[in-house]
Amino acid sequence: MERIVSVKINEALCIGCGRCVGDCVSDNLELRNGKAVLKSPVCLECGHCFAICPAGAVEMPAFDTSDCVSPGSMADFDPDRLLLAMKSRRSVRQFKAQKVEQEKLMKILEAGRYAPTAKNAQPNSFIIIDEKIKEMEALACSTFERLQRKAGSLSERIAKMKLTEDFFFKGGPQAIVIVSESELDAGIAASYMELMAEAMGLGVLYSGFFVAASRLGKGLRAELGLESGDKVAACLVVGYPDVSYERTVPRQPLRVIRK
């Protein structure tokens, strides 16, 4: 989504290096008389120019930039160890009763907030299910029970599902719901969030059934505080795992076509 730009170039600080011009996603910057200037008042506000400027001449006054620091790099991680960690992740369905600390939850949310989004739309918002997780589970079960009664011969699998008291959250102490108009953007955010959770010793389960229930149940949607146009795109159950695995699992052979 394009916005009226909140990017300003401090002419006194600009050294005219042109790095922001070359990296502008929207081709919205140019050099004039040795200084970077905006071509149009409309841009993506992606922040590339802010991040790349060696002189700190780019300002984004509509944003809190107090936590903008020198960047790290994925290249700082050993790629073989990172790949092994990614191969080792498991969907957790056995959780300890211990709740996730607020500090860790906020780091997970920060990972989701900084995940890339198409056109820098940043459409994702987040709901933490905590104290009301049992209530949400019960509402989701009620929704699915109604679906089962209607399913009949249309879906034998749904009709025969056994809805236990921990069917949706598997006993996990907390869950994070991602609300987004874009399932792709939500999926990328969820992946970032899972990696952060795993790095802190937590387990994650993607509860697709809860996503489905939240789209069907009016009572559940009301309890989540969703408005009519809000779309639940993902739900991550998070908690300390009460299970461990001894090895990675096999996968089907790599399927790839090179042209």
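Select Glu30 first: this residue stands opposite Val37 in β4. Strands here are DSSP runs of type E with at least two residues, helices are H or I runs of at least four, and both are numbered from the N terminus. Two strands count as paired if DSSP finds at least two bridges between them. β3 and β4 form a hairpin with two residues between them, and Asn33 in the turn has a positive phi of about 55 degrees.

The model is predicted: local features need pLDDT of at least 70, side-chain atom pairs count only at pLDDT 80 or more, and totals for chains, interfaces and linings use all residues. Residues are numbered from 1 along each chain as its sequence is written, and side-chain values use heavy atoms, with hydrogens and water left out.

Next, select the open sheet of four strands, whose order is β7-β8-β10-β9 with antiparallel pairing. β7 and β9 (203-206) are the edge strands, each pairing on one side only. The twist averages 25 degrees from one strand to the next. Between β7 and strand β8 (residues 174-179) there are five bridges; at Ile127, the residue opposite is Val177 in β8.

Contact means heavy atoms within 4.5 Å.

Within helix α8 (residues 208-216), colour Phe210, Val211, Ala213 and Ser214, which are buried (under 20% relative accessible area, with a 1.4 Å probe and protein chains only). They cover an arc of only 165 degrees around the axis, which puts them on the same side of α8; the arc is that of the directions from the helix axis to the C-beta atoms.

Move to α4 and helix α7 (residues 183-199), which pack at an angle of about 145 degrees with axes 7 Å apart. Show Lys107, Ile108, Leu109, Ala111 and Gly112 of α4 against Ala189, Tyr192, Met193, Met196 and Ala197 of α7, the residues that make the contact.

Last, select Thr117, in the loop between α4 (102-113) and β7 (125-129). Thr117 counts as buried because its relative accessibility is 16%. Leaving out residues up to four places away in sequence, Thr117 touches Gln122, Pro123, Asn124 and Asp185.

How values were computed. Buried means under 20% relative accessible area, exposed over 50%, partly exposed in between (1.4 Å probe, protein chains only). Axes are lines fitted to C-alpha atoms, for helices over the stretch in contact, and angles run from 0 to 180 degrees between N-to-C directions.
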